[in-house]
Amino acid sequence: MTERFLDLAGLNDAPQLWNAIVAASPEAWVWATYSTYLYRLAYLQAKGTLIADRSFIFLHDGQPCGLAPVVLARDNETGELIATYGDAPLPWPMLVPGIGDALETERILFDEVERRSRDGGAGRLSLMLAPPKVDPIFADRFARVVRERGYLDSSYTSHFVDVSQETLSTVRERYRRYVRKFRNQYELRVIGAKDVTESLAATYMELHVKDAGGVFRPLSTYERQIDQIRAGEAFFVCARKRLEDRIAGMLLIQVLKGAAYDASVAVDPQFENEGVSYLLKWCAIEHLVDTGIRHYELGRAALTPTFLWQPSAKNYGISFFKDGWSRGRLKPVWSAERFYNRK
């Protein structure tokens with residue numbers, strides 16, 4: 001029996017190996033894809049906080065059976081070095097079932113993730129187990145690893161929509177009124193892999209800058225998001241105001257393994273009072289129904305303040321908006337941290 005690690009950096013067939021492991025690994029979802037990994041690297045590079053990429057693939061008797069992104073970044077506020085994806089934890093180490101002993105492979109992967117984090121100078125390791133569906137089996141696995149390895153549980157809940165033919169009839173009534181009022185004023189279309197143009201990234205960046213009130217990341221990061229669409233792992237919903245013939249809003253949805261995630265959105269402030277956000281979400285759900293997607297996660301729920309997170313008024317407002325679609329449905333997102341220095 002032989003076991004060895006392959007560094008991702010400089011590996012010619014990294015995308016193929018990476019995607020094959022993600023496809024086979026039950027715990028891997030949109031956070032764990034190769035396209036998301038490239039986007040996160042580009043984002044950290046643009047912020048000037050990327051320190052090192054120590055991601056690796058694990059081989060058992062020559063067969064790829066494990067994958068772990070290990071990215072080291074500097075926290076601009078504290079100056080601390082963290083093993084993280086920046087504003088998101090690193091994906092949980094991924095295992096391919098049926099190759100070797102699963103528990104032993106898991107131990108090897110976590111040992112190596114921790115070793116590479118410590119050796120790189122990280123004071124903290126942040127990991128997230130976020131599978132595509134709600135399955136109690138992951139809760140048991142997460143709890144066991146956290147207990148055995150001395151991690152701290154930093155889990156939270158996220159809004160999700162149970163997508164079906166009946167979903168839109170259960171949406172908050174006020175949202176349905178907005179859709180009825182404004183829909184005829186807008187052209188709504190879905191942009192998939194076959195619809196990508198060379199100018200799509202620049203178009204979304206221009207809209208995002210208007211929404212955010214400034215340039216906070218370069219075009220290269222938007223290009224990486226468009227690459228997710230090219231890879232068949234995402235799509236845009238685009239709302240164009242008919243009268244002005246102008247794009248008023250765009251919503252990026254990531255899709256993998258029969259489940260979707262709200263990834264990024266931008267709305268032109270000129271049209272924000274015309275229900276554009278509601279139109280985008282409505283069209284997205286229509287498309288998910290048509291394509292057979294049954295699980296649609298909207299993002300973190302702001303419920304009450306905790307030691308780890310004190311939501312702002314804006315956070316509570318966003319969460320209320322999401323609940324109008326999810327209608328009280330929440331799912332766990334398991335996350336954990338390990339500290340390597342007392343500071």
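Select helix 2 and helix 7: Ser-35, Thr-36, Leu-38, Tyr-39, Ala-42, Tyr-43 and Ala-46 in helix 2 are in contact with Thr-221, Arg-224, Gln-225 and Gln-228 in helix 7. Colour that contact by class, and 5 nonpolar, 5 polar and 1 charged residues show up. Keep in mind that this is a predicted model.

Helix 2 covers residues 34–47, and helix 7 covers residues 219–230. Their axes lie 9 Å apart, at an angle of about 175°. Angles over 145 degrees count as roughly antiparallel, and helix 2 and helix 7 are therefore roughly antiparallel to each other.

Next, select strand 14, residues 246–256.

Pick Phe-236, then find its bridge partner in strand 14, Leu-252. Strand 13 and strand 14 form a hairpin, with 4 residues between them. Stop in the turn at Asp-245, where phi is positive, about 50°.

Finish with strand 15, residues 259–267. Strand 14 is joined to strand 15 by 8 bridges, and the two run antiparallel. Zoom in on Leu-256: opposite stands Ala-259 in strand 15. Strand 14 and strand 15 form a hairpin with 2 residues between them. In that turn, click Lys-257, which has a positive phi of about 55°.

Notes:
Residues numbered from 1 in each chain as written. Predicted model: local features only at pLDDT ≥ 70, side-chain atom pairs only at ≥ 80, totals over all residues. Heavy atoms only, no water. Buried < 20%, exposed > 50% of the residue type's maximum accessible area, 1.4 Å probe, protein only. Pairing = 2+ DSSP bridges. Axes fitted to C-alpha atoms, helices over the stretch in contact; angles between N-to-C directions. Parallel < 35°, antiparallel > 145°, perpendicular 65-115°, else oblique. Contact = heavy atoms within 4.5 Å. Nonpolar A, V, L, I, M, F, W, Y, C, P; charged D, E, K, R; others polar.
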